[in-house]
Amino acid sequence: MAAHGEMTTNKKVVLRRYVTGYPTAEDMEVVVTSSVPLRAPRGSTGAVVVKNLYLSCDPWMRGRMTKHDDGDAVPAEDFVLGEAMVNYTVGEVVDSTHPEFTAGELVWGMSAWDEYTLITHTEGLFKINHPDLPLSYYTGVLGMTGLTAYAGLFEVGKPKRGESVFVSAAAGAVGQVVGQLAKIAGCYVVGSVGSDEKVNLLKNKMGFDDAFNYKKEKDLDAALRRCLPGGIDIYFDSVGGATLDAALLRMRRGGRVVVCGMISQYNLSEHQGVRNLSCLIPKRIRMEGFAVMDYYRLYARFEDEMAGFIKKGNVCVVEDVVRGIEKAPEALVGLFSGRNVGKQLVAIA
């Protein structure tokens, strides 16, 4: 990377074309811009230039890769073709006109998928307070996906000791943390995953009580009866579709369905319907969706608690790291075939 005074070249990952169906690495490209300023514009209060060290790959980005009509209910705006894609990153402050951030500080938050980013909206930018732990953890267990797991389980699911918790996509960035936090809360925890390797990971490394490979199960209802014969108190759902339908049949009275994601539906042109919603009525089930940004206020408490769990060995972290910004498109696409094992991220520097 050539830096000239206060300018530098900058690589960024851009969307080349809007996606229908499953995304491919060719839907994106890495482009080099000739020069970007390394100083925040003077006269602006609240601008920060960040050198990104790690990029987070997350399924929610898929929704922004499709062109939506005005008025469609979407969680975030579509990516702009030819502009850097956006997601959570970990980086170092290069320059700042913001009173709360100074050069040299380590931060994580919403940023562009490039080497250097000028951030003018700093509401979603957080200082890293445990630099003694691996910085990459702030793309996952100590960042957005960890906070998602923590808020979804404790604020929405409200687990009680002795309850049974079922987690789908349980070896992913959110699911692995949900399961381990549920164990800390004294619950019986079962996960569903897409390979035997991931089943072993959950049971032998992450302390899940049981797990199954849904690709080998002819009947999801039978798998849930076998693993959770007493039923489910909390279902933490990241997949939707057939798994959600099967879980609804096995929910106990007063159960909670925490709706975090629907990865089985993101690449379908027509979404599958859910047939067992009538279970909500006699079983008094509460089914609630949530968005992590609504819980940013909990971040300081969460970061301290989670850092403590990691240092004590109560939470084990599994990451899938690729090196180089050029590998980012391929890493993101791999999420949708379950190629990653654990939190998928890209190390830039």
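**View 1. A salt bridge between K127 and E105.** In this predicted model, K127 forms a salt bridge with E105 (a side-chain nitrogen of Lys or Arg within 4 Å of a carboxyl oxygen of Asp or Glu), and their closest N and O atoms are 3.3 Å apart. The two residues join distant parts of the chain, since K127 belongs to strand β8 (residues 125–127) while E105 lies in the loop between β5 and β6, 22 residues apart; strands are DSSP runs (E, at least two residues) numbered from the N terminus. Over the whole structure, a search finds 19 salt bridges.

**View 2. The aromatic pair of Y88 and W108.** The ring centres of Y88 and W108 are 5.9 Å apart and the ring planes stand at 40°, so the pair is tilted. Rings of Phe, Tyr and Trp (its six-membered ring) pair if their centres lie within 6.5 Å, with planes under 30 degrees apart counted as stacked, over 60 as edge-to-face and the rest as tilted. Y88 sits in strand β5 (residues 86–96) and W108 in strand β6 (residues 106–112), 20 residues apart. The count by this rule comes to twelve aromatic pairs.

View 3. An automatic or database assignment divides the chain into domain 1 (7–140 + 318–347) and domain 2 (149–293). Contact (heavy atoms within 4.5 Å) involves 15 residues of domain 1 and 14 residues of domain 2. The buried area, the accessible area (1.4 Å probe) lost by both parts on being put together, is about 1100 Å², with 60% from carbon and sulfur atoms. R62, V318 and V341 supply 37% of what domain 1 buries against domain 2, more than any other three residues. Between the domains the count of salt bridges is zero.

**Notes.** Residues are numbered from 1 along each chain as its sequence is written, and side-chain values use heavy atoms, with hydrogens and water left out. Local features need pLDDT of at least 70 and side-chain atom pairs count only at pLDDT 80 or more, whereas totals for chains, interfaces and linings use all residues.

Technical notes:
Buried area is the accessible area (1.4 Å probe) that two parts lose on being put together, summed over both. Helices (H or I, at least four residues) and strands (E, at least two) are DSSP runs, numbered from the N terminus.
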